Amino acid sequence: MNENEKTASAAPQTLDSAAVFTEDEVLCHTKIADADKLFEALVGLLSARDPSFDPAAAVQAIRDREAASPTFVAPGIAMPHARLGDVSRTLLAVATSPDGIPFGPAGEPARLVILVLTPSTAPAAYLSVVASISRLLRQPTFADEVVAAETATGVEAVFRGAHRDPNLPPYVCAADMMGPPVATLRETDSVKDAIDVIIRTGFTNIPVVDKEGDLVGVATAQAILGICLPEYLLWMEDLSRYSSFEPFGTLLGKESSTWLADITDDETYAVVAADRPAIAVAEAMARRKTNVCFVTDGAKLVGVVTLKRFLHNVFRD
Amino acid sequence: MNAPKNPKRLVAIQFAVMAAVAGLAGWLTSLLGAPADVTVRQVAAVSVFACIICATLMFEERRLGVAFVGISSLLALRVISLSDFVKSTELHIILLLVGMMTLVGVLKDIGLFTWVIQSIINARKMTGLRFVAILMLLSGIMPGIVDEVTSIVFVLALVFQVCDTLKLRPTPFVLMSVMATNIGSTGTMLGNPVGILIGTKATPTPLSFGDFIVHATPIMFLSLAATFLLLLIYYRKDIKLLDERLAERRASHIGLGPMVPIPHKRGLAILFGALAFIAAHHPLEEALHLEPNTMLVAAPLTIAGLLMVFRSHRARHYVEVSVEWWSLLFFMMLFAVSAALEASGVTDVVADQIATEGAANKYLLTPLIVAITAVGSAFVDNIVFVSTFIPIVKEIVAKSPEMQPLWWALLFGACFGGNITAIGSTANLVAISMLGKKYSIKVAFLEWLKIGLLVGLVSCSVAVAVVLCYFK
């Protein structure tokens, strides 16, 4: 078993990108100026290394994914990818272009392209690649160093050097999946503020933070509904006699002066620490029967993972 | 010792304990007298009874199954015949409860209970003391009209609404409600299946709804008042906090929940009409020359039947959802086991023993019956104890007719004793389950026992004192 196979069999461990690709899978300072042609060239390199998959199908899958939404992970850095049934391990190829290759409908230039093929039955494989690359990109000069390297050996050396960072955790964690909170509410806000934010953002679970930014609870649309239609009103067989929304009238007149605490759930929402494995996010949402999980660093709110995002990352991305 | 982590192992241990207890109970029964005096039927009846008590204590979800198997064993061992079994299931009590549960389902549907809760939470000038007084009074009165389980579900909805809105710890208010409910369930014949059972089985003549109103209701109110004062002191900090939060809320002119117009007059008319019909059962029976308590069963059935006719689109819902078939079937099995104990002569032996010890002295027997049933009901469903004690009290009263007040002692001991522990009554179990589901709160056994024991002592003392003074 060679080094690459060891990496693949160890999935879903973190990607050691320097082990998954070699200098043979690098197109350094490529002159190709068309994304489709670049896909064919990179897939060709991977096919030479692992002939088990169908290159044409791989290129088509990558195009389809790119058509669904461009895969930029940072300005100038694209990560086209596909999950294939006949790929048995994670394959990665890199292209650099100082001038940039136009990607997507807007033709945004990509200076660094990292193409990834992963087995369709191993969702963690692709997530590991994304998590590892994201961490690499957090190093301020990493992308510039890769693009500046003038040879394939140089590109591989930059990746290998970056992986000496001892802080890389060995799994995809909650922080790798989270996005920024779309909106937050302060403890001092009113129910009116909460209703406004819920309507404006379309999100039904809004985190409530204190002045230090610590998560203290979640204001939910269901809780607003619960104020208007408490359990004892739902005992009645039929509420259709209240065709003028009478139960809502009480709150409507007082929403500005009703404390947010009235609709803040301060106990039963899903929350995980940023450095916990991503599976803990799914566990928290499943146990709490909710579709959103808040990510904290200590008590401070640092991000949000929605169930939609989680499912997309695991099953489709 | 650590509890086994494997649930299957735990169940196996529970079954082993149940079998051991049943065996031990049977063996002890066989030691009661000379071999010729103790029959296989008596040993079998006591063993099955012990099994049902264990099942009630250890696994609520399996108790009906255990009861089914127990009754089948008694039938197979000829402890009870098939016809006696059918007779002993007390179908008239079950049908009375079915009628009342159907009535409750209709009242819930048409918003009467919603109106009651809404009226309380939106009452003007509500203070902590006033709220607790209303809460305990409501908890005390409602079970006498509906039943204790229905009552506690409604009252806790009010408690949860107030505690959620005011961000208060719900446990003290839940305990206040449950304890008032257990006490209030003695107020009328309908408050507790125990009341119906005692009323229909009492000797020399069955007790009527009116007898309960005249004798039990005043004692219930006195015990409730004593308990109210005790709880005011015990939970003074929580009540003070409630008072402060209510004052803040009043200052902001914000209510504790939505206020919607509910057409409640129809519900009130149905409720009071039904109560009047049931309360009039005794004069009606006399006028129509019917057996005692015939109309007590016929009245709820008539009301339920008429409501189902007029609300035919919900009739199935009332029968299938509003009626607690699980509990009713368990009651039927339990009544049959008690009948088996009686038929095999076990209860005669115990009655003789108690009557001898108590020397037919009501000043000794009244507190003794209250104490035994209170302690027993603290750990086992009170209907189990009452159905077992009925033949015993019947036997004592047959020998000494002046002992008739023992029926009331039995009622108060069984119902007030339910307050002592968290597993003492069905209302307690329902409240604990609701607290757990809504807030993930578990009430520690000792937390309940501390206040439960005090409430049990105070309320039972009041009941014993009044029964002894009142029935001279």
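Analyst: Chain A has 14 helices and 13 strands. Helices (H or I, at least four residues) and strands (E, at least two) are DSSP runs, numbered from the N terminus. This is a predicted model, where local features need pLDDT of at least 70, side-chain atom pairs count only at pLDDT 80 or more, and totals for chains, interfaces and linings use all residues. Residues are numbered from 1 along each chain as its sequence is written, with chains lettered from A and ligands numbered from 1 in the order in which they are written.

User: How many helices and strands does chain B have?
Analyst: The C-alpha trace of chain B spans about 80 × 65 × 50 Å along its principal axes. Its secondary structure comes to 23 helices and zero strands.

User: What is the radius of gyration of chain B?
Analyst: The value is taken over C-alpha atoms, and the globule rule is 2.2 Å times the number of residues to the power 0.38. For 472 residues, that rule puts a compact globule near 23 Å. Chain B agrees, with 23 Å.

User: What share of the residues in chain A is buried?
Analyst: A residue is buried if 20 or more other C-beta atoms lie within 10 Å of its own, exposed if 12 or fewer, and partly exposed in between; C-beta atoms are placed from the backbone. In chain B, 51% of the 472 residues count as buried. For the 317 residues of chain A, the share is 37%.

User: What part of the contacts in chain B, counted at a separation of 6 or more, comes from residues 24 or more positions apart?
Analyst: Two residues are in contact if their C-beta atoms, placed from the backbone, lie within 7 Å. In chain A, residues 24 or more positions apart account for 64% of the contacts with a separation of 6 or more. In chain B, the corresponding figure is 80%.

User: Which residues have the most contacts inside the largest nonpolar core?
Analyst: A nonpolar core is a set of buried Ala, Val, Leu, Ile, Met, Phe, Trp, Tyr and Cys residues joined through C-beta atoms within 7 Å. The largest has 158 residues. Helix H2 (residues 40-58) of chain B gives the most to this core, with 12 residues. The residues with the most contacts inside the core are Ile52(B) and Leu410(B).

User: Where are the two domains of chain A, and how many Å separate their centres?
Analyst: Domain bounds come from an automatic or database domain assignment. That assignment gives domain 1 (3-171) and domain 2 (185-316). The contact takes four residues from domain 1 of chain A and five residues from domain 2 of chain A. Taken over C-alpha atoms, the centres of the two domains are separated by 38 Å.

User: Why do the buried residues of H10(A) lie on the same side?
Analyst: In helix H10 (residues 221-228) of chain A, Ala223(A), Ile224(A) and Ile227(A) are buried. They are on the same side because they cover an arc of only 105 degrees around the axis. The arc is that of the directions from the helix axis to the C-beta atoms. They pack against helix H9 (191-201), strand E9 (215-220), helix H12 (246-254) and strand E10 (264-265) of chain A.

User: How do the residues on the side of chain B that touches chain A divide by class?
Analyst: Here 19 residues of chain B are in contact with 18 residues of chain A. Helix H5 (91-109), helix H6 (112-121) and helix H8 (148-166) of chain B are the elements that give two or more residues to that side. Ala, Val, Leu, Ile, Met, Phe, Trp, Tyr, Cys and Pro count as nonpolar, Asp, Glu, Lys and Arg as charged, and the others, Gly among them, as polar. By class, the side of chain B has eight nonpolar, seven polar and four charged residues.

User: Which residues does the cis peptide bond of chain B join?
Analyst: Omega is about 5 degrees. Pro204(B) is in the loop between helix H10 (193-201) and helix H11 (209-234) of chain B. The cis bond joins Thr203(B) and Pro204(B).

User: Is His289(B) buried or exposed?
Analyst: His289(B) is in the loop between helix H14 (281-288) and helix H15 (294-310) of chain B. Phi is near 55 degrees, a positive value in a residue other than glycine. With 7 other C-beta atoms within 10 Å, His289(B) is exposed.
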